[in-house]
Amino acid sequence: MTTNILPLLPIMIPFFAGIIMLFIGRRPLAHRVIATISSLLIIISAVWLVVLVYQNGTIATFLGNWAPPFGISVVIDMAAALLLLTTAIITLFTVIYSFQSIGIEREKFYYYVMVMFMISGVNGAFSTGDIFNMFVFFEVFLLASYVLITLGGTKIQLQEGFKYILVNMISSNFFVLGLAYLYSVTGSLNMADIHAKLEGFEGNYSIMTLVAVVFLFVFATKAGVFPLYFWLPGSYYAPPMPALVLFGALLTKVGIYAIARTYSLFFIDNVEFTHQMLLLLALATIIMGSIGALSYADMKRIIIYNILIAVGIILVGVSMMDEAGMLGAFYYLIHDMIIKAALFMLVGFLIYRTGETNAERLGGLIKIHPVTGWMFFIATLSLAGVPPFPGFYGKLFIVQSTFTNDNYIAGIIVLVSSLVVLYSVVRIFISAFWGEDMDFSRLKPVKSDKLIFASFAMVIVSIAFGLAADALYPLFEMAAQSFYDPASYSNYLPEVE
Amino acid sequence: MELITIILSGILIGSAVYMMLSKSVIRIIIGTALLSHGVHLMLLTMGQLKRGNIPVLDEEVSNYSDPLPQALILTAIVIAFALTAYILVLALRSYRELGTDDVEQMKGVPHDD
């Protein structure tokens, strides 16, 4: 029971990197170097954590050496470790991608500082074992994301940023309200301890259903689930592409992770109601996302609506809360983080190169960018979940779980949504890379070697993940176990006399 | 005592909703500040209001008050304070940039077609 520093590294490295960058002032080159080095360090520490967790099981650190139910604990199980690793990889390539795309002005105004603070908050939210600290880390990354969404101060950023901040402030206030209810019911804030208390309780905890609804309201707003996704298409349209990569790949996923964590640990009293509600909302999210993805020709909008579809699919797996469902949800979560980053980067490259966001005004780009074109095609297939790409395994497990639970409609909606995803993104590919040649003299001479490097690297990471999915299966099984068998999450608590 | 604070926090949240439904940016920001006040009061109430007890567990003390809600509220207040400061600066900047403080006129994303 000592304060082990290793689980804290993914939170501390970006945090201190951000502070160092603040102190050395407006020097974009130094910022770039520090951001890259610290992302590499996070990757190393995350790999180390994955290996350690695989060998020894869940790692827990108790800050200030308080005995577990009291004080603040950082708990890294396999789910958190894998999410930390994925976040770190995405951060590294997004930072490299930003060198040539974010613009020197934004770099001078502490863009990398905010990226590092945001990663610090995201990693904290993944690895904390204390529900109030989850709120604090949510606020840390949200505050950084408010700056990222408005940094640069163009009109659209100010308008959409204001709405984004307002929506998130209100939902954060409700998070505190939910915490207040939870604390008054259970008298504890440690997530594992709350689970242990609620599980051993014989009587009726029907108020927990109310708390479940409040928490779902909060996390659904952050994750963009059906009735509360209204802000997402507008707000994500505003920031420049590298910020959008981070938002699309990471922020909604933190909301999903929080839903999965709280719904597996706390809301075990009235599962028929809470998880059924989650399933219905997830299905509605898939349908609304599909409608949005089909109805626009704007590339940015199409992929933004694809975020919603992915959120829905993962939550279908989460709401099943059995082994196959959780396994599928977790495969799909990791896969979606990687492939969304890759796809956003590739679309960002097209937008920077052509200065157009509407796919119908492009055409024939395969003649100039053949490799990029085929990488885009691979990313499309991977997004839709064509085997051997990793999305396939996630969907397979999710659909299998829905069928074994007699939710045939849910399974069919998930399957049909794959076709919608494939159609909506292949449409970008067909109209931008094939078709009639556009006026190639309109292309902007952008320096693009790092843009291309980062986006290809993300696609290759995705392919490698797909090919290695079988080898990684034990890790994912461990990760899924702490959700469908929450007792395994809370076994780091000592027995209380 | 708990009943009074709960009603008070309800009033605060109600007025916050009223303020946030208006068009002016400043009124919306005041609404969010009121909302966070109401929520913090609720958090304080949820730890039970007791007077005159010490907040530490000791062998002689059988009746102690809970120190945790205060600690949580301090954190939440600091966060709400930072957010309010940020959104006020943003409101000033967007007023200068957009020339309006009416949210009806802040329709950001251009529509294609």
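Helix axes here are lines fitted to C-alpha atoms over the stretch in contact, and angles run from 0 to 180 degrees between N-to-C directions. The model on screen is predicted.

**Stop one: two helices of chain A**

Select residues 449-467 of chain A, helix α18, together with residues 469-484 of chain A, helix α19. Their axes come within 6 Å and cross at roughly 80 degrees. Angles of 65 to 115 degrees count as roughly perpendicular, so α18(A) is roughly perpendicular to α19(A). Now show side chains where the two helices touch. Phe465(A), Gly466(A) and Leu467(A) are the α18(A) residues in this contact, and they meet Ala469(A), Leu472(A) and Phe476(A) of α19(A). By class, the contact of α18(A) with α19(A) has 5 nonpolar residues, 1 polar residue and no charged ones.

**Stop two: a charged pair in chain A**

Select Arg32(A) and Glu107(A), whose side chains form a salt bridge with an N to O distance of 3.0 Å. Arg32(A) sits in helix α2 (residues 28-56) of chain A and Glu107(A) in helix α4 (residues 104-108) of chain A; the pair links parts of the chain 75 residues apart. Over all chains, the structure holds 8 salt bridges.

**Stop three: where chain B meets chain A**

Colour by chain and look at the interface. Chain B contributes 38 residues to the contact and chain A contributes 36. About 3400 Å² is buried between the two chains, with 78% of that area from carbon and sulfur atoms. How many salt bridges cross the interface of chain B and chain A? The rule finds 0 there.

**Stop four: annotated spans of chain B**

An unreviewed UniProt entry lists residues 6-21, 28-49 and 69-92 of chain B under "transmembrane region". Select residues 6-21 of chain B: this span is 94% helix and 0% strand, with its end C-alpha atoms 23 Å apart. Then move to residues 28-49 of chain B, where the end C-alpha atoms lie 31 Å apart and the span is 86% helix and 0% strand.

Conventions: Residues are numbered from 1 along each chain as its sequence is written. Chains are lettered from A and ligands numbered from 1 in the order in which they are written. This is a predicted model: local features need pLDDT of at least 70, side-chain atom pairs count only at pLDDT 80 or more; totals for chains, interfaces and linings use all residues. Side-chain values use heavy atoms; hydrogens and water are left out. UniProt positions are given in the numbering used here, feature names are shortened, and annotations may be inferred rather than shown by experiment. Helices (H or I, at least four residues) and strands (E, at least two) are DSSP runs, numbered from the N terminus. Angles under 35 degrees count as roughly parallel, over 145 as roughly antiparallel, 65 to 115 as roughly perpendicular and the rest as oblique. Contact means heavy atoms within 4.5 Å. Ala, Val, Leu, Ile, Met, Phe, Trp, Tyr, Cys and Pro count as nonpolar, Asp, Glu, Lys and Arg as charged, and the others, Gly among them, as polar. Buried area is the accessible area (1.4 Å probe) that two parts lose on being put together, summed over both. A salt bridge is a side-chain nitrogen of Lys or Arg within 4 Å of a carboxyl oxygen of Asp or Glu.
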